[in-house]
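Have the viewer ready, and let us begin with the sulfur links before moving on to rings, metal and overall shape.

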Amino acid sequence: WGTDGHSIVCRIAQSRLSEAAADAVKQLLPKFAEDDLGSVCSWADQVKFRYRWSSALHFLNTPDTCTYQYQRDCKDEEGEKGRCVAGAINNYTSQLLSYNSSASKAEYNLTEALLFLSHFMGDIHQPLHVGFASDKGGNTIDVHWYTRKEVLHHVWDSNIIETAEERFYDSNVDAMIDAIQQNITTEWVDQVKRWETCSLNKTACPDIYASEGIKAACDWAYKGATEGSVLEDDYFLSRLPIVNWRLAQGGVRLAATLNRIFG
Ligand code: ADE
Ligand code: ZN
Ligand code: ZN
């Protein structure tokens, strides 16, 4: 996602934290965040160049089959296993679990671990961050977003969200967050319990999110959007509910994961 998508995920998450998790997050956030997780949720994008090793951790690529398998797909361009967004979520979750066990805590920078986990939980819910290797998650598919030239990947990172903010929320991201939160507590409440659930004895469940992601990429992102497509109201209005749904899932699951981590 772009800045707005990440900030939406993190602000939904912060509003759902348990007392223990809210305290831990407050302790770990850098001072400049002023206790607002949403304000630092794009930090991982800013350090992609300083921490070159981290740039492979924002996504994962699958073959063109609309399926995901950790063992097969979670690797970087050099083929190193575990270096993908699902592996990164597992890694930073296990680092943060040392917060309450002071022993191994000093080994890690838990502030960075929190900011990475919060960002990658957003990215794994962007359908094209779990896309085909053959088109780099839609980065090589040129389309028009209304009259603008864009790549399909960027349409899903930013354009759908920005167009929704302008058209429905008076260019106010807070109003869009309120609308998504409203859905979480009404229409979607029953499903929200299932979103929060992770397998027994597991703290994070990125493989579930990645499997949903490649299915959504095939059913909604790639469908009807090939090289040269002009994407306008038909595509925008039918895909916006999917974007809202994935942003909501990302926020709910980030909160659930932090609540499991910090108890
Ligand atoms: N680079 C290569 N594949 C990518 C993807 N799926 N998302 C973002 N960046 C990528
Ligand atoms: Zn992206
Ligand atoms: Zn990212």
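## Disulfides

The disulfide of Cys 74 and Cys 84 is left-handed, because the torsion about its S-S bond is about -105°. Cys 74 and Cys 84 both sit in the loop between α4 and α5 (85-96), 10 residues apart. Their sulfur atoms are 2.0 Å from each other, and a disulfide here is a pair of cysteine sulfur atoms within 2.5 Å. Both cysteines, Cys 74 and Cys 84, are buried; buried means under 20% relative accessible area, exposed over 50%, and partly exposed in between, with a 1.4 Å probe and protein chains only. Before going further, please note that this is a predicted model, in which local features need pLDDT of at least 70, side-chain atom pairs count only at pLDDT 80 or more, and totals for chains, interfaces and linings use all residues. Residues are numbered from 1 along each chain as its sequence is written, chains are lettered from A and ligands numbered from 1 in the order in which they are written, and side-chain values use heavy atoms, with hydrogens and water left out.

How many disulfides does this rule give? The count is 4. One of them joins Cys 66 to Cys 218, with an S to S distance of 2.1 Å, and a value of -95° about the S-S bond makes this link left-handed. Helices (H or I, at least four residues) and strands (E, at least two) are DSSP runs, numbered from the N terminus. Cys 66 is partly exposed at 23% relative accessible area, whereas Cys 218 is buried at 12%.

Another disulfide is formed by Cys 198 and Cys 205, whose sulfur atoms are 2.1 Å apart. Here the angle about the S-S bond is 100°, and the link of Cys 198 and Cys 205 is right-handed. Cys 198 and Cys 205 are both buried. With the bonded cysteines of the chain numbered in sequence order, the pairing reads 1-2, 3-8, 4-5, 6-7.

## The zinc site

His 58 lies in the loop between α3 (43-46) and β1 (60-62) and His 119 in helix α6 (residues 110-123), so distant parts of the chain, 61 residues apart, are linked.

His 58 is buried with a relative accessible area of 1%, and His 119 is buried too, at 0%. The zinc ion (ligand 2) is 5.8 Å from the zinc ion (ligand 3).

## Aromatic rings

There are 17 aromatic pairs in the structure. Rings of Phe, Tyr and Trp (its six-membered ring) pair if their centres lie within 6.5 Å; planes under 30 degrees apart count as stacked, over 60 as edge-to-face and the rest as tilted. Trp 156 and Tyr 235 form an edge-to-face pair, because their planes stand at 90°, with ring centres 6.4 Å apart. This pair links distant parts of the chain, with Trp 156 in helix α7 (residues 152-168) and Tyr 235 in helix α11 (residues 233-262), 79 residues apart.

Trp 156 is buried at 0% relative accessible area, and Tyr 235 is buried at 6%. Elsewhere, ring pairs join Trp 43, Tyr 51, Trp 53, Tyr 92, Phe 116 and Phe 120 into a cluster.

## The chain as a whole

The chain contains 11 helices and 5 strands. Its C-alpha trace spans about 55 × 45 × 35 Å along the principal axes. The radius of gyration is 18 Å, which agrees with the value near 18 Å for a compact globule of 263 residues; this radius is taken over C-alpha atoms, and the globule rule is 2.2 Å times the number of residues to the power 0.38.

Of the 263 residues in the chain, 52% are buried. Among contacts with a separation of 6 or more, 73% come from residues 24 or more positions apart, where contact means heavy atoms within 4.5 Å.

Conventions. Donors = N, O, S within 2.8 Å, 3.2 Å for Na, K, Ca; no water.
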